[in-house]
Amino acid sequence: MRHARKPDPEVMESDYRVPTALGTAAWAAALIVLVAMGDDLAEQDRWWRWVCLTGIALGIFGFLYIPRHLRKSPDAGERRAAEASGAIEPRNARRAQ
């Protein structure tokens with residue numbers, strides 16, 4: 001016997017740039033550790049430096065791209081209308097706190 005499907009939960013709005021910045025900082029810290037190891041790092045493990053650089057580059061790209069993506073998303077117009085009517089708190093007000 002099938003059960004009725006539960007409704008989808010409401011989407012939680014958050015600032016996606018915070019985890020992106022934290023991830024980028026983690027890759028930067030890993031790169032600093034690998035560079036500080038210098039010649040103590042085995043030759044076959046030196047490719048990890050390039051992995052860290054790639055993680056940093058993708059993190060910076062994501063950090064800069066996320067606001068543009070959110071502005072162009074299909075529900076951006078609905079979100080702006082809800083903010084204007086006072087139904088939800090504006091995003092800028094959340095960051096200021």
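## Getting started

A residue is called buried when its relative accessible area is under 20%, exposed when this is over 50%, and partly exposed in between, using a 1.4 Å probe and protein chains only. By that definition, Glu-43 counts as exposed, at 59% relative accessibility.

The model you are looking at is predicted, so local features need pLDDT of at least 70 and side-chain atom pairs count only at pLDDT 80 or more, while totals for chains, interfaces and linings use all residues. Residues are numbered from 1 along each chain as its sequence is written, and side-chain values use heavy atoms, with hydrogens and water left out.

## The overall picture

The protein chain has four helices and zero strands. Here helices (H or I, at least four residues) and strands (E, at least two) are DSSP runs, numbered from the N terminus. Following the sequence, the pattern reads α-α-α-α. Of the 97 residues in the protein chain, 18% are buried.

An unreviewed UniProt entry lists residues 21–41 and 47–66 under "transmembrane region". UniProt positions are given in the numbering used here, feature names are shortened, and annotations may be inferred rather than shown by experiment. In the model, residues 21–41 are 81% helix and 0% strand, with end C-alpha atoms 27 Å apart. Residues 47–66 are 95% helix and 0% strand, and their end C-alpha atoms lie 29 Å apart.

## A walk along helix H2

Helix H2 covers residues 48–72, which is 25 residues. From first C-alpha to last, H2 reaches 35 Å, close to the 36 Å expected at 1.5 Å a residue; the expected span is 1.5 Å times one less than the number of residues. H2 also bends, by about 35° at Tyr-65, and the proline Pro-67 follows within four residues. That bend is the angle between axes fitted to the seven residues ending at a position and the seven starting there.

Which residues of H2 are buried? They are Cys-52, Gly-55, Ile-56, Gly-59, Gly-62, Ile-66 and Leu-70. Gly-59 is buried because its relative accessible area is 9%. Although Gly-59 and Gly-23 are 36 residues apart in sequence, their C-alpha atoms are 6.9 Å apart in space.

Together with Phe-63 and Leu-64, Ile-60 makes a nonpolar surface patch of about 290 Å². Patches are made of residues with over 30% relative accessible area and no salt bridge; like charges are joined within 9 Å and nonpolar side chains (Val, Leu, Ile, Met, Phe, Trp, Tyr) within 5 Å. The accessible areas come from the Shrake-Rupley method with a 1.4 Å probe, and for residues only the protein chains shown count as cover.

## Charged partners

Side chains of opposite charge can pair when their charged atoms come close. A salt bridge is a side-chain nitrogen of Lys or Arg within 4 Å of a carboxyl oxygen of Asp or Glu, and the count here comes to three. One of them links Asp-8 with Arg-5, with the closest N and O atoms 2.9 Å apart. Asp-8 is exposed, at 55% relative accessibility, and Arg-5 is exposed too, at 66%.

Arg-46 pairs with Asp-39 at 3.8 Å, N to O, and with Glu-43, where the closest N and O atoms are 3.3 Å apart. These bridges share partners, joining Asp-39, Glu-43 and Arg-46 into one network.
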